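Dear colleague,

I am passing on the structure below, together with some notes on its side-chain contacts. Please read them alongside the coordinates.

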Amino acid sequence: MTVNIWSPSISKADGPLYLAIADALSVDIASGRLPGGFRLPPQRTLADQLGIDFTTVSRAYAEARKRGLVEGRVGQGTYVRMRRPAGSSTTVTGVVDMSMNLPPRFDDPELAARMWDSVAELQAGDGLGLLMRYQEAGGTLRDRAAGAMWLEPRLGDIGPGRLMVCPGAQGALLALLGALAAPGETICAEALTYPGLLAVAEHLRIGVTGVAMDAEGLIPEAFEEACRKRAPKLLYCTPTLHNPTTTTLSQARRERIVAIARQHGVLIVEDDAYGALPVNPIASFAALAPEITYYIAGLAKCLAPALRVAYVVVPQERTVAHLAGAIRATAGMASPLTASLATRWIETGVAQSVLAAIRVEATQRQAIASQLLPSSLAQANAEGFHVWLKLPSDWNRSDFAARLRSAGIGVVTSDAFSVSGPAPEAVRLGLGAASNKASLAASLETVADLLVQQSAMSSMVV
């Protein structure tokens, strides 16, 4: 006999309530009381019915998803999973840790096979030689030429002379800051910036001054004021799909910032981590002002984090040797194996296909987020894969993150990005960590449900 509205029979004596709810759900599914495709009550509704904490129900639904009992459907709710024939594969969809900002995993077995075929092709070539030798710190000529080819849509024909291959964007950042600024000197960055920049600056004992931002990104007038008062060595900036706010600086603002930097003799370190994602990118600082810009283009966000390869373009060829010395002192070299793999992907067109697949998947995931999260709070860009979520007035970021963590969902609070001063009440959500869109939707449903709860009402303190 099936039911129209499900309400489990549980008691506190059954142990943790969230496990008791998940167990009751399992029993009712196994008995046939809840058939495949049955829509479960919304989490808030069930919490009210049982007179328990909303977060307890969230944890119960999360546990049920982990067991493969239920699945989330975008904009529709949570449903009992349809039973599959014996021997068929089952993909368990559950909540995810959205604290890491990873490129989304696309569903294209043929393309994935092409990516792995490239590894075999490297082995068939000079495989052992590739494994058993060192390389110069800035990469081989072939790897640098491939990097120039990859960057041509954004920078034009730069050639390999001003380009270096680095051990990931973080390794490039460490080498650049070590080469361009001395301990005790000051650099500028957006008021909310990449945590890796803050970590490197602290390690090198370099001061960081935050430059105010608005809804359009870094404010040129605030940068000009910082130049007058602090005389910074350089400006570190992520102008495209900014991490964490998702903003992209307009052409006009970029030109104004370049003019200010030239006037005050300030270098620009442009972190273009997400620059490959826009189909029609705005001109980069490196294209507008190549003589003062050090340009970093990592492959982690547009191809594969595991490569740990970044391309750095410097203003003049004679500065290559200086940066090569910094790379040699900090990391030795980029991995010849992963650099060669990146080169092969670029030369054969695999890289372009992967980028296209990531773009499509990112757009689809942003559409899910747009449907589930309130537009008044969620700041996003359809071509990126993270969301900057501003919190309602009755929530603070620490409590909100803690409630999500108890439901198995990780987010990053604004504190991690704040250069100085009070951080805003906001968190970053990485949409790429979920293995599939159903898992992402289930997690975002939990986030959306929590947003409408008052902080005190969702407290876990008893």
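Arg-133 is partly exposed at a relative accessible area of 39% (buried means under 20% relative accessible area, exposed over 50%, and partly exposed in between, with a 1.4 Å probe and protein chains only).

Please keep in mind that this is a predicted model, in which local features need pLDDT of at least 70 and side-chain atom pairs count only at pLDDT 80 or more, while totals for chains, interfaces and linings use all residues. Residues are numbered from 1 along each chain as its sequence is written, and side-chain values use heavy atoms, with hydrogens and water left out.

The structure holds 19 salt bridges. Among them is the one between Glu-361 and Arg-365, whose closest N and O atoms are 2.9 Å apart; both residues are buried, and both lie in helix α14 (residues 350-372), four residues apart, about one turn of the helix. Helices (H or I, at least four residues) and strands (E, at least two) are DSSP runs, numbered from the N terminus. Elsewhere, salt bridges that share partners join Asp-23, Glu-63 and Arg-67 into one network.

Turning to the rings, a search of the whole structure finds three aromatic pairs (rings of Phe, Tyr and Trp, the last by its six-membered ring, pair if their centres lie within 6.5 Å; planes under 30 degrees apart count as stacked, over 60 as edge-to-face and the rest as tilted). In one of these, the centres of Trp-388 and Phe-417 are 6.1 Å apart and the planes stand at 85 degrees, so the pair is edge-to-face. Because Trp-388 lies in strand β13 (residues 386-390) and Phe-417 in the loop between β14 (412-413) and β15 (426-430), the pair ties together parts that are 29 residues apart in sequence. Trp-388 is buried, at 3% relative accessible area, and Phe-417 is buried too, at 1%. Trp-395 and Phe-400 also form an edge-to-face pair, with centres 5.3 Å apart and planes at 80 degrees; Trp-395 is buried at 2% and Phe-400 at 0%.

With kind regards

Methods:
A salt bridge is a side-chain nitrogen of Lys or Arg within 4 Å of a carboxyl oxygen of Asp or Glu.
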